[in-house]
Amino acid sequence: MAIIGLSKPYYATYTATGTTVTYGTVTQMAKAVSLAIDLDGGDMQKLYADNGVAEAMSSFAGATLTVGIDELDLTTAAALFGITMTSNGPVNFSAKNDAPYVGFGAVVKKVKAGVVKWLAVVLPKVKFQIPNDAAETQGETISFQTPSLTATVMQDDTADENWKIWKEFETETDAVSFISTTLS
């Protein structure tokens with residue numbers, strides 16, 4: 001199936017007590033622009049014996065999530081980066097801020113032979129880092145500038161040690177419902 005779209009990035013705060021994982025309120029982050037999940041290491045390791053490969057194994061060594069969104073509002077920034085917002089003042093970024101673990105999910109639109117499917121992608125445990133700031137002045141033409149957020153992807157604390165969950169659906173609504181249920 002060819003990927004033809006991306007929508008609905010969600011997050012929910014993550015808490016683990018032993019192997020029991022719970023999430024806070026599932027919240028839509030913004031509108032999705034792009035998504036990339038890049039695996040770190042985890043290369044196939046091979047045992048050679050009798051002049052050939054006798055065993056081969058790979059393991060999850062982590063991943064990096066990069067998600068482009070249409071805007072990063074202050075409420076989302078505070079939730080993802082552990083920033084305290086004041087009711088009538090500025091948002092203060094501090095060296096003492098500690099980003100919480102969150103679950104992340106988004107919907108990927110796919111098509112094959114003219115049939116559209118919706119893939120729910122859930123990363124049960126990630127930790128976002130504060131993005132770099134960049135802006136350009138407006139010239140004769142408008143150049144849209146959107147934020148890109150980066151997170152470290154980890155195995156969750158369940159007995160299964162999940163780091164990614166996929167499920168395909170007939171509708172986008174069903175995919176969103178799965179994300180909400182998984183991160184609840």
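In what follows, Ala, Val, Leu, Ile, Met, Phe, Trp, Tyr, Cys and Pro count as nonpolar, Asp, Glu, Lys and Arg as charged, and the others, Gly among them, as polar. This is a predicted model.

I'll start with the chain. The secondary structure comes to 2 helices and 11 strands. Read from the N terminus, the order is β-β-β-β-β-β-β-α-β-β-β-β-α. The C-alpha trace spans about 70 × 45 × 35 Å along its principal axes. Of the 184 residues, 29% are buried. Among contacts with a separation of 6 or more, 66% are between residues 24 or more positions apart. The accessible surface is about 11300 Å², and carbon and sulfur atoms account for 50% of that.

Now the pockets. The largest pocket holds about 370 Å³ of space. Its lining has 19 residues, and those nearest the centre are Leu-72, Pro-131, Asn-132, Asp-133 and Pro-147. Which element gives the largest share of that lining? Helix H1, residues 74-81, with 4 residues. By class, the lining of the largest pocket is 13 nonpolar, 4 polar and 2 charged.

The second largest pocket has a volume of about 190 Å³. Four strands each supply at least two residues of its lining: S1 (2-17), S4 (32-39), S8 (101-112) and S9 (115-129). The class count for the second largest pocket is 9 nonpolar, 1 polar and 2 charged.

Methods
Residues are numbered from 1 along each chain as its sequence is written. This is a predicted model: local features need pLDDT of at least 70, side-chain atom pairs count only at pLDDT 80 or more; totals for chains, interfaces and linings use all residues. Side-chain values use heavy atoms; hydrogens and water are left out. On a 1 Å grid over the protein atoms alone, a cavity is a set of points where a 1.4 Å probe fits but cannot get out, and a pocket is an open set with protein on both sides within 12 Å along at least five of seven lines; lining residues have an atom within 4 Å of a point. Grid points are joined across faces, edges and corners, and a volume is the space filled by probe spheres set on the points. Buried means under 20% relative accessible area, exposed over 50%, partly exposed in between (1.4 Å probe, protein chains only). Contact means heavy atoms within 4.5 Å. Accessible areas come from the Shrake-Rupley method with a 1.4 Å probe; for residues, only the protein chains shown count as cover.
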